[in-house]
Amino acid sequence: MKIDFVPNLTGVFGSPVAENPTVLMMEAGYKALGLDNWKYLTLEVPPENLKEAISSLRTFNMKGIHLTIPHKVSVLEYLDEISSTAKTMGAVNTVMNIDGKLVGENTDGKGFMESLKKDAKVNPAGKNIVILGAGGAARAICVELAFANVDSITIINRSTKRGEELAQLLFESSNVTVDFLPWDNLLSLPSDVDILVQATSIGLYPNKEKPSINYDSLKPGILACDVIPNPPQTEFLQEANSVGAKTLDGLGMLVYQGALALTMWTGKEAPIKEMKEALSGFFARNG
Ligand code: NDP
């Protein structure tokens with residue numbers, strides 16, 4: 001057997017990044033596939049070192065990297081190529097190193113779409129979507145939905161400026177019918193909503209809050225989705241469930257975005273079950 005002690009390096013650049021559990025899911029994926037020579041490093045990279053850190057992908061022949069807060073937007077200027085959806089979103093969360101060419105992709109929204117299809121078994125085509133939030137997660141999800149033949153997207157956000165900017169982006173880059181509503185006080189949902197996506201940071205561990213919504217305005221049978229992965233059963237999803245909505249948690253989105261990155265880097269089909277178990281086990285112990 002040929003001896004080769006040089007590992008295939010992947011990882012995440014962020015700041016602060018110490019509490020990011022992605023390594024558990026990615027290394028569980030490598031292990032399940034028998035990719036003993038693949039490693040995932042959690043690397044603290046302050047903003048002023050991002051350029052150098054990205055350049056080190058070539059130096060160490062790293063196969064790819066995830067980007068998290070605060071690098072998803074600033075990384076764009078250091079890449080050789082950017083996928084069309086990541087370009088529209090203006091954010092990259094995954095980089096592939098193809099023989100020295102650094103290619104940026106955004107798998108956050110794609111992870112949501114996979115979870116919608118595989119976990120909730122829902123095709124969003126022809127549906128009316130309401131999305132709460134207009135930050136990075138909402139932006140990534142909206143761009144994917146806008147190109148999936150949905151009927152309409154209504155963005156509801158606390159800050160009018162951010163909400164209107166996202167509505168304008170969708171209006172300019174797609175043919176979807178888009179609307180923005182400001183979020184003040186208790187929110188009552190439009191009556192024709194089919195899929196409600198909670199894409200704000202409300203409810204992320206250790207915060208136990210839920211969005212200020214009149215939950216009785218949710219029609220039974222609609223699909224309520226949350227982007228919050230920890231805890232998977234947020235207060236929002238519990239309230240939605242209690243009024244008869246179907247629910248989809250944010251853990252699936254997180255797992256599928258990592259699974260897509262694993263496939264981009266290794267060329268192998270990702271072991272979803274093992275990757276999901278690694279994360280849900282961690283959240284159960286630390287949530
Ligand atoms: P951003 O900071 O970019 O955006 C946060 C959004 O939440 C904004 O729309 C903000 O509104 C809104 N918001 C925050 N607090 C409140 C509040 N009290 N009331 C009303 N609106 C509020 O964050 P991201 O979009 O990057 O991330 C959002 C969440 O999504 C995070 O918790 C993250 O963990 C999760 N996420 C999950 C992923 C997954 O794979 N499951 C992937 C990526 C993110 P405003 O504009 O008014 O400030």
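Where is the place of proline 206? Proline 206 lies in the loop between strand S10 (195-198) and strand S11 (223-226), and the peptide bond that joins tyrosine 205 to proline 206 is cis, with omega about 5°. Helices (H or I, at least four residues) and strands (E, at least two) are DSSP runs that are numbered from the N terminus.

The model is predicted, and local features need pLDDT of at least 70, side-chain atom pairs count only at pLDDT 80 or more, and totals for chains, interfaces and linings use all residues. Residues are numbered from 1 along each chain as its sequence is written, and side-chain values use heavy atoms, with hydrogens and water left out.

The protein chain contains nine helices and twelve strands, and its C-alpha trace spans about 65 × 40 × 30 Å along the principal axes. A compact globule of 287 residues would have a radius of gyration near 19 Å, and the 19 Å of the protein chain agrees with this; the radius is taken over C-alpha atoms, and the globule rule is 2.2 Å times the number of residues to the power 0.38.

The domain assignment, with bounds that come from an automatic or database source, divides the protein chain into domain 1 (8-106 + 252-286) and domain 2 (109-249). The centres of the two domains, taken over C-alpha atoms, are 25 Å apart. Where the domains meet, 14 residues of domain 1 are in contact with 20 residues of domain 2, contact being heavy atoms within 4.5 Å. Together the domains bury about 1600 Å², of which 65% is on carbon and sulfur atoms; buried area is the accessible area (1.4 Å probe) that two parts lose on being put together, summed over both. Of the area that domain 1 buries against domain 2, Met89, Met253 and Tyr256 supply 42%, more than any other three residues.

Between domain 1 and domain 2 there are three residue pairs in polar contact, both residues being at pLDDT 80 or more. A polar contact is a pair of N or O atoms within 3.5 Å; within protein, one must be able to donate a hydrogen and the other to accept it, and residues adjacent in sequence count only if both atoms are side-chain atoms. On the side of domain 1 that touches domain 2, helix H3 (84-89), helix H8 (250-266) and helix H9 (272-286) each supply at least two residues, and the largest share, six residues, comes from H8.

The count of salt bridges between the two domains is one, whereas the structure holds ten; a salt bridge is a side-chain nitrogen of Lys or Arg within 4 Å of a carboxyl oxygen of Asp or Glu. Glutamate 81 and lysine 101 form a salt bridge through their side chains at 3.0 Å, N to O. This pair links distant parts of the chain, with glutamate 81 in strand S4 (residues 81-82) and lysine 101 in strand S6 (residues 101-105), 20 residues apart.

Some backbone details remain to be located. The peptide bond from serine 15 to proline 16 is cis, with omega near 0°, and proline 16 is found in the loop between strand S1 (8-14) and helix H1 (22-32). Asparagine 149, a residue other than glycine, has a positive phi near 60°, and its place is in the loop between helix H5 (136-146) and strand S8 (152-157).
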